[in-house]
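Try each task before you look at its solution.

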Amino acid sequence: MTARADGKPWTGRMRTAALMRGLVRPAEFSTWAGARRYHERHGRDRQVLEKLRASIPRDGIREPLLLGVRATDRLVFVFEGHHRAVIALELGVRSFPFQWFWDPDVKVVEHEPFPHHALGPGGQDWLCHQEARS
């Protein structure tokens with residue numbers, strides 16, 4: 001796999017089970033269950049979850065989750081998209097679209113394929129197909 005020739009950020013798909021297995025962690029919470037509990041307790045967040053519960057079965061996850069890969073230890077985390085991740089887990093969504101960046105360089109979404117080795121041995125097995133983004 002090579003970088004995108006059109007200059008747009010690389011977008012891929014990852015199996016949602018990578019969230020369940022702890023290979024991709026929430027940035028702001030210690031666990032995905034903790035993220036869900038927090039969002040369910042706060043009005044605005046609860047409303048976002050309710051909208052996603054209705055829209056994801058109908059439309060899928062339309063906006064990619066933004067994953068960070070920490071350069072020092074290859075920890076993979078959700079930087080943006082916690083609500084979508086929580087609902088994907090709840091609904092049993094098989095995979096989700098994502099883009100990624102090297103942490104701490106949050107300013108640059110990568111144009112290169114995701115470094116699947118950051119997910120551990122067999123990391124490529126957690127990835128689905130590459131998507132073109134228009």
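The exercises below cover a helix, a helix pair and a charged residue.

This is a predicted model, where local features need pLDDT of at least 70, side-chain atom pairs count only at pLDDT 80 or more, and totals for chains, interfaces and linings use all residues. Residues are numbered from 1 along each chain as its sequence is written, and side-chain values use heavy atoms, with hydrogens and water left out.

**Exercise 1.** Find which residues of α4 are buried.

*Solution.* Start with the span: helix α4 covers residues 82-91. Buried means under 20% relative accessible area (1.4 Å probe, protein chains only). By that cut-off, 7 of the 10 residues are buried. They are His82, His83, Arg84, Ala85, Val86, Ile87 and Ala88. Next, look past the helix end: Gly92 follows α4 and has a positive phi, near 75°.

**Exercise 2.** Describe how α2 and α3 cross.

*Solution.* Take the axes, which are lines fitted to C-alpha atoms over the stretch in contact. They come within 5 Å and cross at roughly 110°. That makes α2 roughly perpendicular to α3 (65 to 115 degrees). Now list the contacts (heavy atoms within 4.5 Å). Tyr38, His39, Glu40 and Arg41 of α2 meet Gly43, Asp45, Arg46, Leu49 and Arg53 of α3. These residues divide into 2 nonpolar, 2 polar and 5 charged.

**Exercise 3.** Is Glu110 buried or exposed, and which side chain of opposite charge is nearest?

*Solution.* Locate Glu110 in the loop between β5 (95-103) and β6 (127-131). Glu110 is buried. Check for a salt bridge (a side-chain nitrogen of Lys or Arg within 4 Å of a carboxyl oxygen of Asp or Glu). Glu110 has none; Arg74, the nearest side chain of opposite charge, is 11 Å away. Finally, leaving aside residues up to four places away in sequence, Glu110 touches Pro9, Trp10, Trp100, Phe101 and Trp102.

Key: Helices (H or I, at least four residues) and strands (E, at least two) are DSSP runs, numbered from the N terminus. Buried means under 20% relative accessible area, exposed over 50%, partly exposed in between (1.4 Å probe, protein chains only). Lys and Arg count as positive and Asp and Glu as negative; His and the chain ends are not counted. Axes are lines fitted to C-alpha atoms, for helices over the stretch in contact, and angles run from 0 to 180 degrees between N-to-C directions. Angles under 35 degrees count as roughly parallel, over 145 as roughly antiparallel, 65 to 115 as roughly perpendicular and the rest as oblique. Ala, Val, Leu, Ile, Met, Phe, Trp, Tyr, Cys and Pro count as nonpolar, Asp, Glu, Lys and Arg as charged, and the others, Gly among them, as polar.
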